Amino acid sequence: MIHSLFMVNSHRDIFMEKHWKTAVKRSICDYFFNALEKASSPEDIPPVISTPHHYLITVYRDRLYFVSVIGKEVQPLFVIEFLHRIMDTFVEYFNECSERVIKENYVVVYELLEEMLDNGFPLATESNVLKELIKPPNILRTVVNTVTGQSNVADHLPTGQLSNIPWRRSGVKYASNEAYFDVTEEVDAIIDRSGSTVFAEIHGSIDACVKLTGMPDLTLSFVNPRMLDDVSFHPCVRFKRWENEKVLSFVPPDGNFTLCSYHIGSQGMVSIPIYVKHNVHYAGSGGKFEVTVGSRHTMGKIIEDLRISAVMPKQVTNVNLLPSQGEYSFKPVEKEVVWDVGRMAPGKPPSIKGILSLQAGVPAPEEKPTVTVHFKIQQLAISGLRVNRLDMYSEKYKPFKGVKYITKAGKFQVRT
Amino acid sequence: RYDDLKNMLDQNKDFLKLEAMKRIIGMIAKGKNASSLFPAVVKNVACKNIEVKKLVYVYLERYAEEQQDLALLSISTFQRGLKDHNQLIRASALRVLSSIRVPIIVPIMMLAIKDGMTDMSPFVRKTAAHAIPKLYSLDPDQKESLIEIIDKLLSDRTTLVAGSVVMAYQEVCPERVDLVHRHFRKLCNLLVDVDEWGQIAILSMLTRYARTQFTDPNKYIFLIPFYVENETIPHQFCTHRGDVKIKHKFLKSTEMYSADKPFYEEESSSDSDEEKIKEKLPKYVMDPDHRLLLKCSKPLLQSRNSAVVMAVAQLYYHLGPRQEVSVVAKALVRLLRGRREVQAVVLQNIASMTLMRKGIFEAFLKSFYVRSTDPTHIRVMKLEVLTNLATESNISIILREFQTYVRSSDKQFVAHTIQAIARCATNIEEVTDTCLAGLVSLLSNRDEAVVAESIVVIKKLLQMNPSQHCDIIKHMARLVDNIQVGSLPPRILRQTIVKNTLLKVPMAKASILWLIGEYSEFVPKIAPDVLRKATKLLAQYVLQLGKYDQSYDIRDRSRFIRHLIMPSSELANGQIHKHAKKILLAPKPAPVLESPFKGRDAYQLGSLSHAINAEANGYQKLPDFPETQPDPSVRTVEVKRLWEISQIEKSCSSSSRSVVEPVTTDRRRPGRTARSKPPKKKSFYSDEDSSEESESGSSSSGSEDSESDSGDSSYSESESGSDETEGPDSRVSDSDKVKKKTVTPALAAASDSGRSRLSSFSRKKGMVPVIRQFKMQILFHFESSGESGSSSSEEESSEEEVKPPPKRQTKRKKETVNLLDLDDFSPPSVSPSKSSTSLLTPMLASDLQGLSLGGANHVEMAGTSSGKSYELLHRVTGGGLSAKYRYPRSPCIYSDTMITVELEFTNSSDSPIQNIHIGEKKLQAGLKVHDFAEIDAIEPGSSKTSTMGIDFCDTTQPLVFDICTKSRKFNVSVKIPVGELVKPVSMAQTEFLNQQGILSGMNENKGKVNVPETIQSSINKKVMEIVNVCIVPSTQSNIHRYAGKTAHGGSVLLLSIDLSESGEAKLIVNCDKMVIGSMVFKQVKEALTN
């Protein structure tokens, strides 16, 4: 399936390669570089490129390209999903996925790639299993290893690999047992120039941090589970229980994981916690720019980390704005205005206004900038989803439990 | 050159070697050539340090191909590795051996794979499955024997293996549909528990399989949704190979639509025709297996893995009935939130789907709105989907959305938007004029690309229906006319024409000239006028320019106009000119504005070929549905697990009994059942446990009844042998009985046809009849290979039916014998932890999952492990080491007179405990012990399990021995409850009664027990907890019978409980060994009263 993998950085250097079958020459990446030339931005590179003898499937993330070489028919999503899984694993091992850490830990990276794929087919991808096979590097262990001569590589098959719960390692022990769940909801919206909502939906996910001893069997129930009609689960969640009783029943993996993610579609009513008033004009060699933001439907919670950005047309040479709160910056190359409002105190809604200077001698732009809004609201799930309770079975101790709600702006755009 | 590295590798110190290997790996990673180090590296292949070893393996996989001769030096190490106790070592040896791509070792690889596929560890079997495509790519001549291996591995029931073997199947022999038949239902049921990558492989394989085995679900019923769904008509016919007559009818009626004639009468008559046809057509009934596949794959739409979701979506799209396909929409739309690459691929597929069936995604229109942060190729694809989704009802919303897109600063995107508008205009007649007007207004855009694109598109639109839009042409012509005047719109046109000189957009230039030329006849009054003026003012100039243009397209067009407007210049004769006009101005077919995704649906959705819109290497075309349903009964066979069989063979040959009595052959069967039934409580997905138990309890009387029936039917089936007519018949009659007892409507529906009975059984936990059936087959095989002539004639017939000729098997065994010594079957040093006791739980888990729709009539056949564990060594006395033991009731792999004992060692001290092994044993007469493999070390806080085999000689005397660690020695004893001395035997009722008759008098223990209400319902469970016996199918619902035999002597133990209505039960235990008989009697009695 996957013949080879090339890791390419943003300067277009191939800094690592791995072959699972007969080595493929680096020159195959030239096709990729050609496509990169044509693309207007790194984001725009087509995921699948076909070359005379091979196919290249590329993912781009964290300013790294992972270019995989495929010889034969295979589902592209299979490969894409797998490449991302490799990157996820790197993040889990090294806390980030960047050229620097990959180069620093090339031995672990190579061992991981070797374990994850056999002859191009996935072998072990569950992070709990991998972590038992190859211990993640940390300073303490490195010191211990050099002293005792032990290695990072396990010589026994992780028990998880054989059991029917491969995601959990056995023999987990904690002094203090805790299970925390973060319900994070992101609001995606398109607001048109008149202020009406063209499209709005909520993407939520429940991220868990479970540190429990033994083999706990957890059940998470909701006050209003009917809201969730489009859910995807971590493999540990039992489908049947969800279908019949609408509770999440699972034996959790050890550590951090995403328990489930859900999507509340545009059909349902989505309340937008924020409104944006704007006024953008061009006249002659100048223009006016004015934006006011206010909150609504926040159930008394305060909007934090409010940030508003807009990419100006290329004719705009400079801006001169005056915010009522926070500060703004303008990047002349990207033409991006970013207004960092911060915490939105109750009272007068914050606003920014001022003048745009346009390039002389060129007709005024036709398009108006789209305003992108970022914000965060603590302790509020905008959909109204609430966790009812968490029960634990098959272990005797009492764990600490906690649920946190947070609402964020996802792709929240206001057309002007 | 790399002398320092070579030096380091030659040193004795592990850390130096490791350091050197790390540096070499670094070179490989950077793409530098490190092949000159090969001799130095290959020496270290036998290095004890596991990390060095792994890195050497990595190196070998990379360079062995280039240095084949030197690589051969490492082979012996791998061969040794293949026999290691540690399954991880075995697996990695097999992996490297198969990965080094040295053609000379193909035979060795083949042996290793064959060896690996019968390995006890599923992980090794998985590795063997992975090795198959490697060997195949190295030597395609091995295909035949590889297919044989794949066939065997397909019958593996562990989820770990299933995915890998299907991938191998896809690589090696995707055309061998016949291999899948027997495993189809199993694969469907396992699907949920297989790992995500395996799910993808299985789904795409099953899609292809289903296309060859089931008929088109939309073939007959498409008449009804046809009008409802409002789809583009011509596509419809491409997809459905329906009745030719019908197709014809529809084509006729669509013609009528387009011809705009009154069609009401015709329509009604054709309607009645259709009805007649419909009556004639057989009613479509979906094959239950087809339904099973759809049902089992549906939950996977909720997978977190986008590739799995896509695989299910394509399965539904290609196989599902029209009205059910819509279930995938929501999940696919959810994927649009995912990674950029995922978005791109999913959008591509959605675009293809919407082209054919727009109804699916109509509700999600807004999810395809373009965001300002989307990269261009995503935007373009979203536009595509939006265009495909446009209908009369939503076109206004879409057009309004398009209007905002046109203002975008991404010009490429704007150009695509304009094209999209044009396509909407052609597809939906109501808006053609609005769109045209909008497009014309775009002509005043300042951006050249936008104007050019609009001109091209307007030209195409006008060409579609010139007669209706002569006013626009007039308008445009007037624009030309007004050029001198200099009003705004004409200035734009002039601008464009002037831009001709800039040679930017040849297509647009050609379009303008073409338009003026082509439609001069529709605007007769203006055209000559215009042209005259144009000739004077511009045309001359334009044409002149055109003549010397670089684009031949433009030269062509301008020459064409020259003919038209300046006939005198080249054609002197006016007559010819007239003819020329006729010829040149012949009405041209209007271009069709098509989606660029048209035709992509020829490729299977989600495939690489679909993504690149070209056939990729190794793409297998999705076969069409067959016209008639192929025989569905091919899927009703079930087969046994591979490695167990091989063990039976092996122990059979090793124990070399000259005469194998029927009773001894029986011995193995219950063991198998016990294996396939891990303790209920411990299986992971047994959500329904509690309800299940009560259910099975309450209906135990009834279900047992049907139990025996099914047992009988399986007998009758094997008796009837290849007689096909009788088998199904008996099944059908059974299914009726089943139906009566099962309350669940789902099953009732499923068991509509007789065949589904088996499938519904196989969905159930017990898999009762099926298991028994193949248990019998194994038995038969065993008998014949063990050279006992005692197998009865009717049994032989069924043996021939299912088993491959035994000769071949034994032959293979011989050739692999050097690699297959018994050590391979020493217990896995890491056996699954307590909570997942059996390797087979995943399989069962899925069976359990399906249980909710199954009925209530299943009863434990035999051998659930009692699960009780006994203390062997307390941690206080053991100085931190504690040990427990239990009887897993699995067949003992060391000897068949032994009983498997599972030991679990736990280290609760704070330092590792090393070298745990058995020291001195004080064996009573006749007691035999097979020690567990020495445990190297147990880390503090962790535990390890190990198995040992003990032959208790049918006595309950405890086994006393020493457990030694590196520093200490503990005296321990293993006691055996009498019930564990027995192994289950399955037996027919008649045989049971015969045996009972023989074992009377002294050998019989009789007594009466008052059984409380609470226990009555779970008698089977209770008894089986105490004694390891097998249920004997009984015709009377109130009499429970169980059979077993002692492990050592093979004395038969029979147990029967006659339950009367009052709750009083007659308990009879017959056993050759009186002591055992009476002990069992006491214990069972006690269990039943409490």
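Modeller: Buried means under 20% relative accessible area, exposed over 50%, and partly exposed in between, with a 1.4 Å probe and protein chains only. This is a predicted model: local features need pLDDT of at least 70, side-chain atom pairs count only at pLDDT 80 or more, and totals for chains, interfaces and linings use all residues. Residues are numbered from 1 along each chain as its sequence is written, and side-chain values use heavy atoms, without hydrogens and water.

Colleague: How far apart are the end C-alpha atoms of helix 2 of chain B?

Modeller: Helices (H or I, at least four residues) and strands (E, at least two) are DSSP runs, numbered from the N terminus. The expected span is 1.5 Å times one less than the number of residues. Helix 2 covers residues 14-30, so its 17 residues should span 24 Å. The end C-alpha atoms agree: 24 Å.

Colleague: Which elements of chain A do the buried residues of helix 2 of chain B pack against?

Modeller: The buried residues of this helix include B:Leu18, B:Met21 and B:Ile25. Contact means heavy atoms within 4.5 Å. Within chain B, they pack against helix 1, helix 3 and helix 4. In chain A, they pack against strand 2 (14-19) and helix 4 (106-116).

Colleague: Which residues of strand 9 of chain B point to the buried face?

Modeller: Side chains alternate along residues 969-974.

Colleague: In strand 9 of chain B, what is the bridge partner of B:Val960?

Modeller: Two strands pair if DSSP finds at least two bridges between them. Strands 8 and 9 of chain B run antiparallel, joined by 6 bridges. They form a hairpin with 4 residues between them. The partner of B:Val960 is B:Ser973.

Methods. Chains are lettered from A and ligands numbered from 1 in the order in which they are written.
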